[in-house]
Amino acid sequence: MNSAFKKKLHTALFLMLALVCIVACKKQATQPDPPPPPKDPRTYTWTIDTLKSVGGNMVMQSIWGSSPSDIYVVGHDAGPRRIVHFDGDSWQDVKLHTSEGGPLNGPFNLKRIFGFSKENIWLIGGLESPNPPPPPAFPDSTLIVHFNGMQWQMIPMVPKGSILQAIWGDSPQNLWAGGLYGTLYHYDGTAWKRKQPPKSFWYNSFAGLSANEVYALAYEYDAQGRDIRYLSMWDGTEWRILQSFTGLPREGAPFGHLVLFAIDGQLFSAGHSVFRKTTSGWENILSPFRTIFYGMHGIATDNLFAVGNGVVYHFNGNDWKQIIDLAFYGVSWIAAWTDGTEAFIVGNDGSVSYVAHGK
């Protein structure tokens, strides 16, 4: 091979390598930047949307979402607004009544919403009667509604019970729902079936660490009209009562009596304080003066929100910090939802409902 040919060959190889480098560098330069890390929830900027009734008082009390652009809040309204949806830009009414093209006829109230995806959402509550009977009230009023991503469908309950006000599940094939006067149902992925509770008490909240370790908060009234609060557990075979206490002590309660929340294999309860379950009992981890906590939500044990009467607290795994921007006298924050990038908190002042949005 003569020197002239070698020189031309080397020149051609150099040009080819240079072209490859230019193309690769150009492609790399046009690639989008990686998304920024999630913002610290304690530095969120908060905005507040007002949800007004068109017919009277509006008390929204439950929230769930599949993403920050797919959020639902539900509750009671003297008008038709019992469930509203946020699509990332605005809140819109969801049409559930037959007069609006939905599956529900007559008056009804929604208590809770729970979902697994945007195509698998459950609503619970009660069908109302214009002339309710005396206690034990609300017979045959159980309401369960399912959304499959296309339409809402009322589930026929056989046998029916009373109004439902708590729902939780660890999979689409394992859900529990409970309500007034010992009304308790289990869903196995095919059908809802009535179950026997340990007592005919009223259910507040469910949460579990596995399918065979599900906890429930409930209550009843004694002959003197005092609250008796119960913590019970499903062990895979039966429900059994673990603990109880009478009255509502602001200090000294053994567990939170209003809400349960489970994440990362840990169980939390909240009421006048926030507790974390340990191997020996319940550890009180947050107890502000004159505060009642109504809801909890988070994506991990180092990113939790606890919300209550005019207060919102955030837990980062080490300490709790109050979100001062949401400290409103007269507004009770009832429930929260977060995906770790944004947070939504629903509350009300007894007649008007509000949704705080942090991002």
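Predicted model: local features only at pLDDT ≥ 70, side-chain atom pairs only at ≥ 80, totals over all residues.
Residues are numbered from 1 along each chain as its sequence is written, and side-chain values use heavy atoms, with hydrogens and water left out.

**Entry 1: around β12**

I checked the terms first. Strands (E, at least two residues) and helices (H or I, at least four) are DSSP runs numbered from the N terminus, and two strands pair if DSSP finds at least two bridges between them.

Strand β11 (residues 174-179) pairs with β12 over four bridges, in the antiparallel sense. Four residues lie between these two strands in their hairpin, where Tyr-181 takes a positive phi near 55 degrees.

I then followed β12 onward. It is joined to strand β13 (residues 192-194) by three bridges, and the two run antiparallel. Tyr-187 has Trp-192 in β13 as its bridge partner. The hairpin of β12 and β13 also has four residues between the strands, and here Gly-189 takes a positive phi near 100 degrees.

Which residues cover the two faces of β12 (residues 184-187)? I found Leu-184 and His-186 on one side and Tyr-185 and Tyr-187 on the other, all of them buried. Buried means under 20% relative accessible area, exposed means over 50%, and partly exposed is in between (1.4 Å probe, protein chains only).

Next I looked up a sheet. Strands of a sheet pair through backbone hydrogen bonds, either parallel or antiparallel. This one is open, with four strands in the order β2-β3-β4-β5 and antiparallel pairing. At its edges stand β2 (58-67) and β5 (91-93), each with a single partner strand, so one side of each has no neighbour in the sheet. From one strand to the next, the twist averages 25 degrees; the angle is taken between axes fitted to C-alpha atoms (for helices over the stretch in contact), from 0 to 180 degrees between N-to-C directions.

I also looked at one pair inside this sheet. Eight bridges join β2 to strand β3 (residues 70-77), and Trp-64 has Tyr-72 in β3 as its bridge partner.

**Entry 2: the largest pocket**

Now for the empty space. Rolling a probe the size of a water molecule over the atoms shows where it is left. On a 1 Å grid over the protein atoms alone, a cavity is a set of points where a 1.4 Å probe fits but cannot get out, and a pocket is an open set with protein on both sides within 12 Å along at least five of seven lines; lining residues have an atom within 4 Å of a point. Points are joined across faces, edges and corners, and a volume is the space filled by probe spheres set on them.

The largest pocket holds about 1,200 Å³. I noted 44 lining residues, with Arg-112, Ser-205, Val-259, Leu-260 and Met-296 nearest the centre. Strands that each supply at least two of the lining residues include β2, β6, β10 (164-171) and β14 (202-210). Which strand gives the most to this lining? It is β14, with seven residues.

By class, I read 25 nonpolar, 15 polar and four charged residues in the lining. Here Ala, Val, Leu, Ile, Met, Phe, Trp, Tyr, Cys and Pro count as nonpolar, Asp, Glu, Lys and Arg as charged, and the others, Gly among them, as polar.

**Entry 3: the cavities**

I found two cavities of 30 Å³ or more.

Contact here means heavy atoms within 4.5 Å.

Trp-234 sits in strand β16 (residues 227-234). It is buried, at 15% relative accessible area. Beyond four places in sequence, its contacts include Trp-176, Ala-211 and Trp-239.

Asn-109 belongs to strand β6. Is it buried or exposed? Buried, at 13% relative accessibility. Among the residues it touches beyond four places in sequence are Gly-75, Arg-82 and Leu-143.

Glu-119 lies in the loop between β6 (108-117) and β7 (120-127). At 44% relative accessibility, Glu-119 is partly exposed. Leaving aside neighbours within four places, it contacts Phe-147, Asn-148 and Gly-149.
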